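Good morning, and thank you for joining the group meeting. Please turn to the sequence and the structure as they come up on the screen.

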Amino acid sequence: MPVAREVMAKYEVVIGLEVHVQLATRTKIFCSCPTGFGAPPNTNVCPVCLGLPGALPVLNRDAVDMAIQASLALQCQVRASSVFARKNYFYPDLPKGYQISQFDKPLAEHGCVDIVADGQAKRVGVTRVHMEDDAGKSIHEGFRDSGTNTYVDLNRSGTPLVEIVSEPDMRSADEAVAYLEELKLMMQFCEVSTCDMEKGHLRCDANVSVRPRGSTELGTKVEVKNLNSFRFLKMAVEYEAQRQVELIEGGGKVRQETRLFSPNTGETAPMRSKEQAHD
């Protein structure tokens with residue numbers, strides 16, 4: 001049962017978005033494999049993007065140029081030097097066993113996006129913009145045995161991304177949607193990405209927490225992964241805020257964890273815990 005409006009009014013929702021934008025390069029970030037969408041599965045791959053032993057990655061200059069353009073559009077300060085790092089984790093569609101990303105020295109920092117939501121203008125801070133390579137794609141439906149098996153297409157593995165991390169400045173699902181819409185328009189105007197959400201060129205993770213209205217301390221955040229439409233973002237944030245308020249009002253505690261949103265149910269469900277997550 002939805003939480004009563006007067007109960008929700010006692011709390012303030014705090015939202016930050018991590019937006020992944022696929023850059024519009026012809027080739028991948030560390031190899032010459034094409035990035036085109038719709039090729040037969042596992043054909044646009046090579047030893048580099050498959051992470052085979054002895055493969056030597058070479059950085060795509062066009063990807064760097066586009067990432068800098070995106071950073072300048074966001075009014076970020078571009079660092080004189082930035083460093084790539086390995087982010088180690090296992091997914092079936094991550095053949096290297098790690099993602100090449102940026103950690104303590106990202107490409108750019110301290111930007112902003114101006115939005116209008118509910119008739120009110122607001123500035124949302126951008127913490128950082130960093131470059132990384134994408135993973136492949138796990139396919140859970142569309143085959144006769146999809147009920148028991150998962151298929152993996154590695155064509156997307158190694159495509160160049162920028163991750164744009166906002167400050168936790170948004171206070172409603174409408175503000176989060178307005179931010180993502182404005183970000184999409186900016187990236188398209190700069191021609192750094194098509195931002196085709198149906199093809200996965202623009203997707204985001206939403207960090208959602210609630211706190212008593214008037215409090216300055218942040219609540220325990222929950223990350224909702226892989227939202228690929230404005231409607232799903234709005235639905236996921238609204239559901240997660242209500243879930244957390246209901247949990248607190250019932251005497252429970254919000255756990256820091258990663259959750260997935262199901263468009264079929266309109267609900268989020270646990271994916272994995274993040275007890276010591278600083279990433």
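Predicted model: local features only at pLDDT ≥ 70, side-chain atom pairs only at ≥ 80, totals over all residues.

The secondary structure of the chain comes to four helices and 13 strands. Along its principal axes, the C-alpha trace spans about 60 × 50 × 30 Å. How does the radius of gyration compare with that of a compact globule? For 279 residues, such a globule would have a value near 19 Å, and the chain has 19 Å, so the two agree. Buried residues account for 46% of the chain. If we take the contacts between residues at least 6 apart in sequence, 67% of them join residues at least 24 apart.

Let me turn to the second largest pocket, whose volume is about 360 Å³. It is lined by 20 residues, and those closest to its centre are Met8, Val13, Arg171, Ser172 and Ala241. Which elements supply at least two residues each to this lining? They are helix 1 (5-8), strand 1 (11-22), helix 3 (173-189) and helix 4 (230-249). Helix 4 provides the largest share, with five residues.

Gly136 sits in the loop between strand 6 (120-133) and strand 7 (137-139). Is Gly136 buried or exposed? Its relative accessible area is 2%, under the 20% limit, and Gly136 therefore counts as buried. Beyond its neighbours within four places in sequence, Gly136 is in contact with Asp93, Asp153, Leu154, Arg156 and Ser157. With Ser157, 21 residues away along the chain, the C-alpha separation is 4.3 Å.

The other two residues are asparagines with positive phi values. In Asn42, phi is near 60 degrees, although the residue is not a glycine. Asn42 belongs to the loop between strand 1 and helix 2 (61-73). In Asn226, also not a glycine, phi is about 55 degrees, and this residue lies in strand 11 (residues 222-227). Asn42 has a relative accessibility of 37% and so counts as partly exposed. For Asn226 the value is 47%, and Asn226 therefore counts as partly exposed.

That concludes the presentation; thank you for your attention.

Terms used:
Residues numbered from 1 in each chain as written. Heavy atoms only, no water. 1 Å grid on protein atoms, 1.4 Å probe; cavity = no way out; pocket = protein on both sides within 12 Å on 5 of 7 lines; lining within 4 Å. Points joined across faces, edges and corners; volume = space filled by probe spheres on them. Rg over C-alpha atoms; globule rule 2.2 N^0.38 Å. Buried < 20%, exposed > 50% of the residue type's maximum accessible area, 1.4 Å probe, protein only. Contact = heavy atoms within 4.5 Å.
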